[in-house]
Amino acid sequence: MNPILLFLIPSVAAIVTLPLIKNRRLASNVSAFFSTLSFLFAIKLVMNAYTQSEPLFFFHQWLFCDKLSAFFILLNSFIALTTSFYAISYLNNESRTTLYYLIYRFYHTFFHIFTFSMLVVILSNNIGLMWIAMELATIASVVLVALYQTSEALEAAWKYLILCGVGIGLALLGTIILYFAAHHYLPGEQGLLWTALVTHAAKFPVKLLAVAFVFLFVGYGTKVGFFPLHNWLPDAYSESSAMVNCLSSGALLNIALLVILRFKLILSHTVIASFSSDLFLIFGLLSLLFAALSLLRQRKLKRLFAYSSIEHMGLISVALGIGTPLAYLAGFLHILMHSLSKSAIFFNIGSIIQRFHTQNMSQLKGLTTTIPVTGWCFLLCCFAILGLPPFGLFFSELLLILATLKTFPWLVIPLALGLIIAFLAIFSKIQSIAFSSHPTENQPLCNTRASNWPVMLHLGLTVIAGFWIPTWLLQPVIHLLTQGTV
Amino acid sequence: MTSVLLFLISIMVMLSFLMLMQIHVINLIKLVIIQNIILTSYLVCKAWIYPSLELQLSLSITFIIKVILLPWALWKLAGYLKLKQHTESLINKPTLQFIGILLVIFTLILSHQIENTIGQQDIIGFSLSLANSMLAILLITSRRKAISQIIGLLVMENSIFLLSATLNIGFPWLVELGMGFDILIGFMIFGLFLLRIHTTHGSLHLKNLEKLKEKL
């Protein structure tokens, strides 16, 4: 059986079976089982993709898996795996009145539709199918954001739906223009295949390519959360459950960035290659600086880390914009480390909110005293996301600064400024949350072991990556990106 | 026949301008339904000139979704939410109209830059479909009622279909089917949201949805 088909089967099976399961505990376990199966098949698929020189194709070449896809498949399946295990404990501790029977089934089904559509985006060789899967991911995540049906959740979901609806519409305009630019050289379906587009890009009219890229960048950039298209992101994060936060920050933002990167690779074969890099640099720096300044005035825990996600997406965009092998290494290490650290933070925040019933930072005091395991894990996760050694983000940020110094030395000033402001903003806010002489009372949770091990696993991996950068995983991707071919 | 096609595209843009100025929600719904019908007529003419299986399938998908399913769902929703009497106050209509005109001029200038690559036959179609999508974005940003924002998104979808038909004589049919399906699901989710907002707040005005605004 084709490894791509085999990999997609557990997600489809989960979408079909989970709406039928009425027992809450069984549904959570079945969801975790399918995520485990998906992760195991992902390992097989990634091994295939990494060992073969040619990409794997499936379904008339509409789906494919090259080394770039394989990297994101591994990361996404891992995040989905730990999230679904974390969900067992989280959902068990949720009030049965807010998360009643129907909502519970909705959650599991849409969780798997969300992960499935993201996997299809990664595996798409057809840029039309890529758009369809991205739209499906948007629709599924909107339902997940609005799950609790509070007035605030409705507002966040509505803003998300409208802004991302416009963004995804602009992306489709870009797709159509790109298809038109290619249609003289690649008739019919060929004009939608990324592998064909990247091979023949040099022949396409550059002005049309530039117009198409602007639409695609702005459209999919809305999903990345680039400034000034970021408005949906803090609201959606603050109102959704911890699992949705993990999937959004650990997977969805990366996927949107991957899609833009795929189009950047098409342009890298033309005379306007620097145009796409400039857009990455400009939007990356603006997002970094804006998010760093916004972090200073945040009062809610989830909003704080939502802006931190915008900041990190900015950093990754700068790395992709520079586009040297060292910058790509920094960028991809950052993607990996940010996903692991940020999802660990959101796991912790989920548990904290369940215990204290608030996410106002002024009401959260002395967590290391009242809930030592979660409190210390939260503090360590914050250190990881702040880029302190020995965590992996320290090295990715260091590599990024080195790559910037080599190519655009003047860029180091805004980059360092953004990093320093963000560091100070988060560091000053987490101190009183972690340590205080007047700790806040909390409600004990049951089965916390199940919610703690995913956090520790993520933290452990970021520490290991700090000592031993996973070059075996990153090197093939960087080679592919610098070559700019399939 | 080319002049008929251009005439139909121009009517679509005119309808978008009319929508910008409408204060009655029900009129907005009627105008978007008329725009859907004009879009389908455009595809019929295009299929007449360039008979191809792709375009005929695209036409069937557009007809089923945009002329039958969406208008039916919109009309039902309007009835259920009692939107027939609803009005929406618009601030500074002339400025709005002026911005719309500027957006059309901008797309014409942009298209002029790439006239050589697109060709004279398609350039007006290209620029007007782009202008229509810009007007849709203006409609979304200038409205404070949830239903009007949805209509803005539907106008944007119409512009995308128009651009796709003008430039490429449609996408491969399977892709087009997927897009149509996504739009339909998206609309259903929108509908559910409207119902939920209506039952929670008793109105569809977006001032009810401003709790999450950050205070400076």
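Okay, let's start in a loop: A:Pro390 sits between helix H15 (372-386) and helix H16 (392-407) of chain A. Helices here are DSSP runs of H or I with at least four residues, strands are runs of E with at least two, and both are numbered from the N terminus. The bond joining A:Pro389 and A:Pro390 is a cis peptide bond, with omega about 10 degrees.

Quick housekeeping. This is a predicted model, where local features need pLDDT of at least 70 and side-chain atom pairs count only at pLDDT 80 or more, while totals for chains, interfaces and linings use all residues. Residues are numbered from 1 along each chain as its sequence is written, chains are lettered from A and ligands numbered from 1 in the order in which they are written, and side-chain values use heavy atoms, with hydrogens and water left out.

Back to the backbone. Another cis peptide bond joins A:Phe227 and A:Pro228, with omega about 5 degrees. You'll find A:Pro228 in the loop between helix H8 (206-224) and helix H9 (232-239) of chain A. Then have a look at A:His60, which isn't a glycine but has a positive phi of about 50 degrees. A:His60 is in the loop between strand S1 (56-58) and S2 of chain A.

Now, salt bridges. As a general idea, side chains of opposite charge can pair when their charged atoms come close. The rule here asks for a side-chain nitrogen of Lys or Arg within 4 Å of a carboxyl oxygen of Asp or Glu. How many salt bridges does the structure hold over all chains? Three. In one pair, the side chains of A:Asp66 and A:Arg262 meet at 3.0 Å, N to O. That pair links distant parts of the chain, 196 residues apart: A:Asp66 is in the loop between strand S2 (63-65) and H3 of chain A, and A:Arg262 is in helix H10 (residues 242-267) of chain A.

On to where the two chains meet. Counting contact as heavy atoms within 4.5 Å, we get 48 residues from chain B and 49 residues from chain A. Together they bury about 4300 Å², 77% of it on carbon and sulfur atoms. Buried area is the accessible area (1.4 Å probe) that two parts lose on being put together, summed over both. And how many salt bridges cross between chain B and chain A? The rule finds zero.

So what does chain B bring to that interface? Two or more residues each come from helix H4 (93-113), helix H5 (115-118), helix H6 (120-142), helix H7 (146-168) and helix H8 (173-201) of chain B. H8(B) gives the most, with 15 residues. By class, chain B's side has 30 nonpolar, eleven polar and seven charged residues. Nonpolar covers Ala, Val, Leu, Ile, Met, Phe, Trp, Tyr, Cys and Pro; charged covers Asp, Glu, Lys and Arg; the others, Gly among them, are polar.

H2(A) gives the largest share, four residues. What about the classes in that lining? Six nonpolar, six polar and no charged residues.
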